[in-house]
Amino acid sequence: MRLRVEFTTEPFDLDEAPTHALAAREVIEAAELDAVDVGPFGNTAEGGADAVLSAIDTLLRKSLAAGATRISLQVNVIGEGVN
């Protein structure tokens, strides 16, 4: 099964990327995912279910530890394929 995750971390800072946002970006960019798109207000990534779910776990833990006060995420099944 293939999944797409969309997420944001808060609080926002329009002048400089907060530590929690940088931590989330680092996790997503290091994971074995494809179609990664990071931006100032939202981020998306796609991949096999195991890779996406593992990345989400790490993302939540590292972003919260780095000061995130809210993390919004949505996970969609986008097709069958590699787990």
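Reply:
**The sheet and its surroundings**

Four strands make up an open sheet, ordered 2-3-1-4, with antiparallel pairing. Strands (E, at least two residues) and helices (H or I, at least four) are DSSP runs, numbered from the N terminus, and two strands pair if DSSP finds at least two bridges between them. The edges are held by strand 2 (34-38) and strand 4 (70-79); each has a single partner strand, so one side of each lacks a neighbour in the sheet. On average, neighbouring strands are turned by 20 degrees against each other, direction ignored. Axes here are lines fitted to C-alpha atoms, for helices over the stretch in contact, and angles run from 0 to 180 degrees between N-to-C directions.

This is a predicted model: local features need pLDDT of at least 70, side-chain atom pairs count only at pLDDT 80 or more, and totals for chains, interfaces and linings use all residues. Residues are numbered from 1 along each chain as its sequence is written, and side-chain values use heavy atoms, leaving out hydrogens and water.

Strand 2 pairs with strand 3 (residues 43-48) in the antiparallel sense over three bridges. Asp34 lies opposite Glu46 in strand 3. Helix 1 packs on the sheet and touches strand 1, strand 2 and strand 3; its direction makes about 165 degrees with that of strand 1. Contact means heavy atoms within 4.5 Å.
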